[in-house]
Amino acid sequence: MSTILTVNHLTKKFGHLTAVKDLSFTIEKGNVYGILGPNGSGKSTTLGIVLNVVNKTSGEFAWFGGNTSTHEALKKVGAIIERPNFYPYMTALQNLKLVCKIKDVTQSKIEEKLDLVGLLDRKNSKFRTFSLGMKQRLAIASALLNDPEILILDEPTNGLDPQGIHQIREIIKTIAAKGTTILLASHLLDEVEKVCSHVVILRKGEKLYSGRVDSLQASFGFFELKSDDLEKLKSYLSTNEHFGSIKQENGLVTAILTSELNAHTLNKLLFDKGIIVSHLVKRKESLEEQFLALTKNVNA
Ligand code: ADP
Ligand code: MG
């Protein structure tokens with residue numbers, strides 16, 4: 001797998017406010033990443049830093065393994081971090097031709113990209129006649145004109161109606177399926193769940209979780225257990241193939257399942273090993289519950 005972007009201990013301060021705090025993550029080619037967090041959690045600031053429009057306070061980032069300058073690297077990055085802005089009295093086609101001239105890229109991809117975002121039949125319509133969703137789709141087409149390695153989107157569905165939201169998400173999935181790496185910032189858990197394979201969760205500029213969306217979902221649920229002999233309990237659980245991560249907090253052991261196992265069976269297995277539990281509950285948390293738990297006390 002090749003690395004598209006590495007972010008290492010990145011920090012951004014605006015005066016006394018730390019917008020991004022010691023943030024590290026890696027973006028590998030071919031995946032769809034979500035930066036997920038409530039408003040004000042530092043998503044746009046993070047994108048701004050790696051796109052060279054916001055100065056970092058400390059830390060590093062490197063594009064494509066760090067062998068090219070950021071300026072050169074950004075030529076292989078397509079980004080939409082602001083509301084789409086084109087010339088209102090020019091058509092979609094005229095606007096994209098202009099973008100090609102400004103960016104010095106070939107005009108040969110214009111029709112293909114308009115088709116991809118479902119605007120080919122509107123190519124001769126003036127930009128000002130477009131709905132917000134169409135404007136956003138034109139911006140996506142524009143960002144793809146030079147076939148970038150990665151497409152970066154900041155809150156791509158903000159302000160759109162449900163149909164517009166659906167269209168944008170489907171387009172993002174299509175682009176990803178063609179092999180373009182995607183990084184999108186969103187405050188919508190639902191969006192990340194539907195579109196992304198990987199997620200970095202931020203709260204007040206700090207990373208709370210990064211990894212696959214499906215491992216966060218913990219689709220097989222988890223057990224909460226208590227026992228007088230916690231060490232023996234944990235050591236048994238760590239050898240049991242059904243469990244992934246095992247955590248302990250205040251005498252309560254949480255063991256995440258990586259395959260199906262019911263409470264009755266686990267109870268018997270433990271009993272057979274001479275481990276008596278005083279508490280055994282199987283739970284299944286939705287991603288939403290986990291997200292809320294991870295990001296709670298946002299204003300604290
Ligand atoms: P998000 O995109 O997750 O909503 P932002 O990255 O926009 O969050 O903002 C993170 C924090 O940094 C917020 O508290 C915001 O008010 C602050 N912030 C962002 N840009 C600036 C700026 N140019 N000057 C001062 N504070 C800023
Ligand atoms: Mg933002």
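Begin by selecting S41 together with ligand 1, where a backbone N or O atom of S41 lies 3.1 Å from an oxygen atom of the ligand, a polar contact in the sense of a pair of N or O atoms within 3.5 Å. This is a predicted model, in which local features need pLDDT of at least 70 and side-chain atom pairs count only at pLDDT 80 or more, while totals for chains, interfaces and linings use all residues. Residues are numbered from 1 along each chain as its sequence is written, chains are lettered from A and ligands numbered from 1 in the order written, and side-chain values use heavy atoms, with hydrogens and water left out.

Now show the whole shell of residues near ligand 1 (a heavy atom within 4 Å), which includes F14, L17, P38 and G40. By kind, the shell divides into 4 nonpolar, 6 polar and 1 charged residue.

Finally, move to the largest nonpolar core, which has 45 residues and in which L138, I140 and I182 touch the most other members; such a core is a set of buried Ala, Val, Leu, Ile, Met, Phe, Trp, Tyr and Cys residues joined through side-chain atoms within 4.5 Å, where buried means under 20% relative accessible area (1.4 Å probe, protein chains only). A second, separate core of 26 residues has F25, W63, A185 and V200 among its members.

Notes: Polar contact = N/O pair within 3.5 Å; in protein donor to acceptor, adjacent residues only side chain to side chain. Nonpolar A, V, L, I, M, F, W, Y, C, P; charged D, E, K, R; others polar. Buried < 20%, exposed > 50% of the residue type's maximum accessible area, 1.4 Å probe, protein only.
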